[in-house]
Amino acid sequence: MAEKKKTFEQAMIRLEEIVTQLEKGEAPLEESLKLFDEGMTLMKQCSALLDKAEQKVSKLTVGTDGGPVETPFHGEG
């Protein structure tokens, strides 16, 4: 049975748990590799979710005629 994709928040919590486990250095090599692979999968999922959210975000400004103008939002940096 395939695992249901986690929400962004669930994925970030699990990713933090994995990082903590790996930083401790107590897991055997095979387990560390599994944790690393899971972390990379979660990181890609989070990145894709952020990209999707960014595509939906628009910046509203006031146009020359005083009406609203919608433009794509581009984060700083």
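A: The side chains of glutamate 38 and arginine 14 meet in a salt bridge, with N and O 2.8 Å apart. A salt bridge here is a side-chain nitrogen of Lys or Arg within 4 Å of a carboxyl oxygen of Asp or Glu. The model is a predicted one, in which local features need pLDDT of at least 70 and side-chain atom pairs count only at pLDDT 80 or more, while totals for chains, interfaces and linings use all residues. Residues are numbered from 1 along each chain as its sequence is written, and side-chain values use heavy atoms, with hydrogens and water left out.

The pair links distant parts of the chain, since glutamate 38 belongs to helix H2 and arginine 14 to helix H1, 24 residues apart. Helices (H or I, at least four residues) and strands (E, at least two) are DSSP runs, numbered from the N terminus. Glutamate 38 counts as partly exposed because its relative accessibility is 29%; the term covers values between buried (under 20% relative accessible area) and exposed (over 50%), with a 1.4 Å probe and protein chains only.

Glutamate 17 forms a salt bridge with arginine 14, in which the closest N and O atoms are 3.2 Å apart. These two residues are 3 residues apart in helix H1, so about one helical turn separates them. With a relative accessibility of 39%, glutamate 17 is likewise classed as partly exposed.

How many salt bridges does the structure hold? There are 3. The remaining one to describe is formed by glutamate 30 and lysine 34, whose closest N and O atoms are 3.9 Å apart. Both residues lie in helix H2, 4 residues apart, or about one turn of the helix. Glutamate 30 counts as exposed because its relative accessibility is 56%. Through shared partners, salt bridges join Arg14, Glu17 and Glu38 into one network. Side chains of opposite charge can pair when their charged atoms come close.

The axes of H1 (residues 8-24) and H2 (residues 29-56) come within 9 Å and cross at roughly 150°. Axes are lines fitted to C-alpha atoms, for helices over the stretch in contact, and angles run from 0 to 180 degrees between N-to-C directions. H1 and H2 are therefore roughly antiparallel to each other, a class for angles over 145 degrees, whereas under 35 counts as roughly parallel, 65 to 115 as roughly perpendicular and the rest as oblique. The crossing of H1 past H2 is left-handed: the near helix is turned anticlockwise from the far one by less than a right angle, while clockwise would be right-handed.

Residues of H1 that meet H2 include Phe8, Arg14, Leu15 and Leu22, and their counterparts in H2 include Ser32, Glu38, Met43 and Cys46. Contact means heavy atoms within 4.5 Å. The residues of this helix contact divide into 13 nonpolar, 3 polar and 2 charged. In this scheme Ala, Val, Leu, Ile, Met, Phe, Trp, Tyr, Cys and Pro are nonpolar, Asp, Glu, Lys and Arg are charged, and the others, Gly among them, are polar.

Several residues illustrate the surroundings. Serine 32, in helix H2, counts as buried because its relative accessibility is 19%. Apart from its neighbours within four places in sequence, serine 32 is in contact with Leu22 and Ala27. Methionine 43, also placed in H2, is partly exposed, with a relative accessible area of 42%.

Lysine 6 is found in the segment before H1 and is partly exposed at 23% relative accessibility. Leaving aside neighbours within four places in sequence, lysine 6 is in contact with Ala11, Arg14, Leu42, Gln45 and Leu49. The C-alpha atoms of lysine 6 and cysteine 46, 40 residues apart along the chain, are separated by 9.3 Å.

For the protein as a whole, the 2 helices and 2 strands follow the pattern α-α-β-β along the sequence. Buried residues make up 16% of the 77 residues.
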